[in-house]
Amino acid sequence: MRFAGCREVGVEDAARGVTFPMTVMYPTETPERPDRVGPYPCALARDAAPAEGTYPLAIVSHGTGGSPFVYRTLAAHLARSGFVVGLPEHPGNNRNDNSLEGTVRNLTDRPRHLSLAIDWFREDERLRRHVRPDAASIIGHSLGGYTALAAAGGVPTSFARESPDGTERVIEARPDPRIRALALLAPATVWFRAEGALRAVDVPILMLDAEKDPYTPPFHAQIVLGGVADPAKVRYRTVENAGHYSFLSPFPEAMIAPSFLPSQDPPGFDRERFHTELNAEVAEFLLRHG
């Protein structure tokens, strides 16, 4: 039986002179104990030895102003299913420091963070022999969907309001050939509005959006379906009665309140049940295609 091991590490971004935190989960044979990921309770085997074997790699990209910890249940499920998982915190675009939100620099830096995270796994003494060296999957929610597409070969264009000089700019995002599959959850895609912006994205994609999402309504998914190299490689569905935040891990009861929007779903939506289905669907897709 596999359990979810967990470590907290730092990833160096030499180009910006910063080190950003990343939570790492992986298969282990050490039984889990009650623990915490950030402020959230979670059963984990802290700092346990990885289980013998070589596993696919998945990197999770959080939404704008968000946190990697809100995808903890998906990450733990993937680790128990035989994945090594990285949950990086995007510098300057997270819940503790959102100073880069709405800027060209943020759009430029985010895809690079994913490549740096993949690099980290190839270099870490404890995990590198347990990770398939040249294949990674990216899971992106909201602006994390933008990040995944840009890292997989998309050519984004900023909006005028995001540039200091008030002009649109083509974002320099170097495609990472190690990315073999994407899982896009309520993806934000308007930066790929230019003709041909997604034509170089040619990997299998699982894409889910939410029926009652005011932030990334259905036209965001249509940009992907109409733009990628082969729409037949996209498995797409709309989650009935879901909202934008329904893709976040269920919150502890004490945090669920109308004033805390990430904890809220449309009336009648069962987030706990949905995440049981979501975790299995993402794991199945990435095991098949990653």
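Trainee: As I understand it, helices (H or I, at least four residues) and strands (E, at least two) are DSSP runs numbered from the N terminus. In those terms, where is Asn241?

Mentor: Asn241 is placed in the loop between β10 (234-239) and α5 (271-289). Please note that this is a predicted model, in which local features need pLDDT of at least 70, side-chain atom pairs count only at pLDDT 80 or more, and totals for chains, interfaces and linings use all residues. Residues are numbered from 1 along each chain as its sequence is written, and side-chain values use heavy atoms, with hydrogens and water left out.

Trainee: Is Asn241 buried or exposed?

Mentor: Asn241 is buried, because its relative accessible area is 14% (buried is under 20%, exposed over 50%, partly exposed in between, with a 1.4 Å probe and protein chains only).

Trainee: And what about its phi?

Mentor: Asn241 is not a glycine, yet its phi is positive, at about 65°. Ala186, also not a glycine, has a positive phi of about 45°.

Trainee: Where does Ala186 sit, then?

Mentor: Ala186 belongs to the loop between β8 and β9. With a relative accessible area of 0%, Ala186 is buried.

Trainee: Changing topic: which loop holds Thr189?

Mentor: Thr189 lies in the loop that runs between β8 (179-185) and β9 (205-210).

Trainee: Why does Thr189 count as buried?

Mentor: Thr189 counts as buried because its relative accessibility is 0%.

Trainee: Which residues does Thr189 contact, leaving aside its neighbours within four places in sequence?

Mentor: With those neighbours within four places set aside, Thr189 is in contact (heavy atoms within 4.5 Å) with Leu149, His220, Ile223 and Val224.
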